[in-house]
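Biologist: Hello! I am new to this structure and would like a friendly tour. Could you show it to me before we start?

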Amino acid sequence: GVAGVTAPIFAWDKTDRLEPSVERFLEGLCHRLAFPLGEVMTPSYVSDDAGLVIKNHPEFACYRDIGFYLKLFLNPQSEFLPQTKDPGWTQREAELHWAWDTEHRRFKVKGYDNQQLL
């Protein structure tokens, strides 16, 4: 089937860097949309500060964030989970904020009142 030939993407439990499978996915997407590619541009589409990918494919942000949340909450080490808050987190506070660190070539993810999650 299809699952046997497709590479999984968004393995946030394994790396905070741009995975080859995500890079190939973005290259295919960017070729169809005539978006520029490159060492800085390609990973920046995951954080999508300019809104190019998400404007054309809004589901991309959902899949990226759901994949991250699944890996985060399935982590058996509780020190990696967001600190709790009474009476609980609001939807806006739990929103993920993505950034590409060009110097260290890795993704940074913040959420829950700006806590560093990745």
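This is a predicted model: local features need pLDDT of at least 70, side-chain atom pairs count only at pLDDT 80 or more; totals for chains, interfaces and linings use all residues.

Biologist: Thanks! In which order do the elements run from the N terminus on?

Modeller: The chain holds 5 helices and 3 strands. Read from the N terminus on, the order is α-α-α-α-α-β-β-β.

Biologist: Which place does Lys85 have in that layout, and which residues is Lys85 in contact with beyond its neighbours within four places in sequence?

Modeller: Lys85 sits in the loop between H4 and helix H5 (91-94). Its relative accessible area is 31%, so Lys85 counts as partly exposed. Asp113 is 28 residues away from Lys85 in sequence, with 10 Å between their C-alpha atoms. Leaving aside neighbours within four places in sequence, the contacts of Lys85 are Glu93 and Asp113.

Biologist: Let us go inside. Which element gives the most residues to the largest nonpolar core?

Modeller: That core has 23 residues, and those touching the most other members are Trp12, Leu18, Leu26, Val46, Phe68, Trp98 and Phe107. Two or more residues come from each of helix H1 (20-33), helix H2 (41-47), helix H4 (59-73), strand E1 (97-101) and strand E2 (106-111). The most, 4 residues, come from H1.

Biologist: What does Leu18 touch, not counting residues up to four places away in sequence?

Modeller: Leu18 is one of the core residues that touch the most other members. Not counting residues up to four places away in sequence, Leu18 touches Glu23, Leu26, Thr42, Pro43, Val46, Trp100 and Phe107.

Biologist: Thr42 is on that list. Is Thr42 buried or exposed?

Modeller: Thr42 belongs to helix H2. Apart from residues up to four places away in sequence, it touches Leu18, Glu23, Leu26 and Leu37. The cut-off for buried is under 20% relative accessible area. Thr42 has 3%, so the word for Thr42 is buried.

Biologist: And Leu29: which residues does it touch, again not counting those up to four places away in sequence?

Modeller: Leu29 is part of helix H1. With a relative accessibility of 5%, Leu29 counts as buried. His57 lies 28 residues from Leu29 in sequence, and their C-alpha atoms are 9.6 Å apart. Not counting residues up to four places away in sequence, Leu29 touches Val53 and His57.

Biologist: Now for H4. How many residues does H4 have, and what is its reach from first C-alpha to last?

Modeller: At 1.5 Å a residue, the expected reach of H4 is 21 Å. The model comes close to that: H4 has 15 residues and reaches 21 Å.

Biologist: Which residues of H4 are buried, and what arc do they cover around the axis?

Modeller: The buried residues of H4 are Phe60, Ala61, Arg64, Asp65, Gly67, Phe68 and Leu72. They lie on the same side of H4, because the arc they cover around the axis is only 155°.

Biologist: What do those buried residues of H4 pack against?

Modeller: Phe68 is one of the buried residues of H4, and Phe68 is also among the core residues that touch the most other members. The buried residues of H4 pack against H1, H2, helix H3 (52-56), E1 and E2.

Biologist: Last one: what share of the residues in the chain is buried?

Modeller: The C-alpha atoms fill a box of roughly 45 × 35 × 30 Å along the principal axes. The chain exposes about 7,800 Å², of which carbon and sulfur atoms supply 56%. Among its 118 residues, the buried share is 35%.

Methods
Residues are numbered from 1 along each chain as its sequence is written. Side-chain values use heavy atoms; hydrogens and water are left out. A nonpolar core is a set of buried Ala, Val, Leu, Ile, Met, Phe, Trp, Tyr and Cys residues joined through side-chain atoms within 4.5 Å. Buried means under 20% relative accessible area, exposed over 50%, partly exposed in between (1.4 Å probe, protein chains only). Contact means heavy atoms within 4.5 Å. The expected span of a helix is 1.5 Å times one less than its number of residues. The arc is that of the directions from the helix axis to the C-beta atoms. Accessible areas come from the Shrake-Rupley method with a 1.4 Å probe; for residues, only the protein chains shown count as cover.
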